[in-house]
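The model is predicted.

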Amino acid sequence: MKNNNYCVIMAGGIGSRFWPLSKARRPKQFLDILGTGRTLIQQTFDRFTRVMPPDHIFIVSNLEYKEIIGEQLPGLPEANILLEPSRRNTAPCIDYANFRILQKDPEACIIVAPSDHLITKEEDFLRAVKQGFDFVKTNDALLTMGIVPSRPETGYGYIQSIEKEIKGYESTGLRKVKTFTEKPDIELAKVFIESGDFYWNAGIFFWSLNTIMKSFETYLPEIHTLFLEGQHIYGTNKEQDFIEKAYGSCRNISIDYGVMEKADNVYVLVSDFGWSDLGTWGSLYEQLARDSQENSITGKNVFIYDSTGNIVNVQDDKVVVLQGLKDYIVVQNDNVILVCRREEEQKIKQFVNEIRTEIGNT
């Protein structure tokens, strides 16, 4: 039986909240931040090769990461690396991939996933992937994955569902989506948790190629028209020049805001597969082993005294002594040292922007 399932892995972010370990020239998706021996993008690629051949997987990333993607994913056909000349958020990169997949298989069903998320229950995830593909294959639907929240998290978006089972899919956790909410404050997040009908937005999507193309035509026609102009250019040696021109005219907009929040055929597949977006040092801290004082330490020569609840990540050739710290992030990478309260880690992105303004890329 022909496999019509395809995957688009989005890998163009710079992971600024993981600075200084993650830097613009080598962001977090290309790092082994979990100490598994595989980088995050390698783990994501490995996961999807279990359910489809490598030539059905497309990576969309920034032009500057072409070499590192080739090095880390030697099993991926070079033609499946789609290179953006500039960052325009998730909607343009998805529509670009749509047109490339259209060349291969007009009957395709697609899963779109970030390159840098953690999934600890792999079998449960793959089971949910099968359910998602089965649903969009036979329904004109835009499907997103929702995670049952375990805490009032302010760093995630939320999906509110209509608590009505979908006929024929009663056992799969499928729900119609009512609303999307971007990252709430702590009080609103608590209300969401107490209500019981809100889920974390995992940023993983399913749709048939036909459905998503129609959605772009309806909700983002100006972007869709840009990429439509290249339909006879994709796959030729003129493609990159065309993409340079298209992205120069393309606005910055997410698929969530541009399509998902506007469409009326949006569903959520509620799942539990040990998900974390690993978006911050705090989310990484929750996944790492810790000592008796709740310190997570990466580095061979770290000496800690009277300190609790810290995440420390330093290079093995550095000697670091910490005393009297509680709930801090301490990271050293090359010539940069970050010391920041864990509860204020959302400021790291601001720090990075200010540093770049003062001294350039770092």
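Helix H1 gives the most to the lining of the largest cavity, with three residues. Both H1 (40-48) and strand S4 (109-114) supply at least two residues of that lining.

Around the second largest cavity, the lining consists of Ile-33, Trp-281, Leu-284, Leu-288, Ser-296, Thr-298, Ile-311, Val-312 and Asn-313. Strand S14 (311-313), helix H10 (281-285) and strand S12 (296-298) each give at least two residues here, and S14 has the largest share, with three residues.

The second largest pocket has 17 lining residues, and Leu-21, Asp-32, Thr-298, Asn-313 and Asn-333 are those nearest its centre. Thr-298 and Asn-313 are also among the residues that line the second largest cavity.

Volumes and lining classes are listed below.

| Space | Volume | Lining by class |
|---|---|---|
| Largest cavity | about 60 Å³ | six nonpolar, two polar, one charged |
| Second largest cavity | about 30 Å³ | six nonpolar, three polar, no charged |
| Second largest pocket | about 320 Å³ | six nonpolar, five polar, six charged |

On the surface, Phe-303, Tyr-305, Val-319 and Val-321 form a nonpolar patch with about 420 Å² of accessible area together. Strands S13 (301-305) and S15 (319-323) are the elements that give two or more residues to this patch. Val-319 lies in S15. Val-319 counts as exposed because its relative accessibility is 62%, and exposed means over 50%.

Notes: Residues numbered from 1 in each chain as written. Predicted model: local features only at pLDDT ≥ 70, side-chain atom pairs only at ≥ 80, totals over all residues. Heavy atoms only, no water. Patch = residues over 30% accessible without salt bridge, like charges linked within 9 Å, V, L, I, M, F, W, Y side chains within 5 Å. Areas by Shrake-Rupley, 256 points an atom, 1.4 Å probe, with all protein chains shown as cover. Salt bridge = Lys/Arg side-chain N within 4 Å of Asp/Glu carboxyl O. Helix = DSSP H or I, 4+ residues; strand = E, 2+ residues; numbered from the N terminus. Buried < 20%, exposed > 50% of the residue type's maximum accessible area, 1.4 Å probe, protein only. 1 Å grid on protein atoms, 1.4 Å probe; cavity = no way out; pocket = protein on both sides within 12 Å on 5 of 7 lines; lining within 4 Å. Points joined across faces, edges and corners; volume = space filled by probe spheres on them. Nonpolar A, V, L, I, M, F, W, Y, C, P; charged D, E, K, R; others polar.
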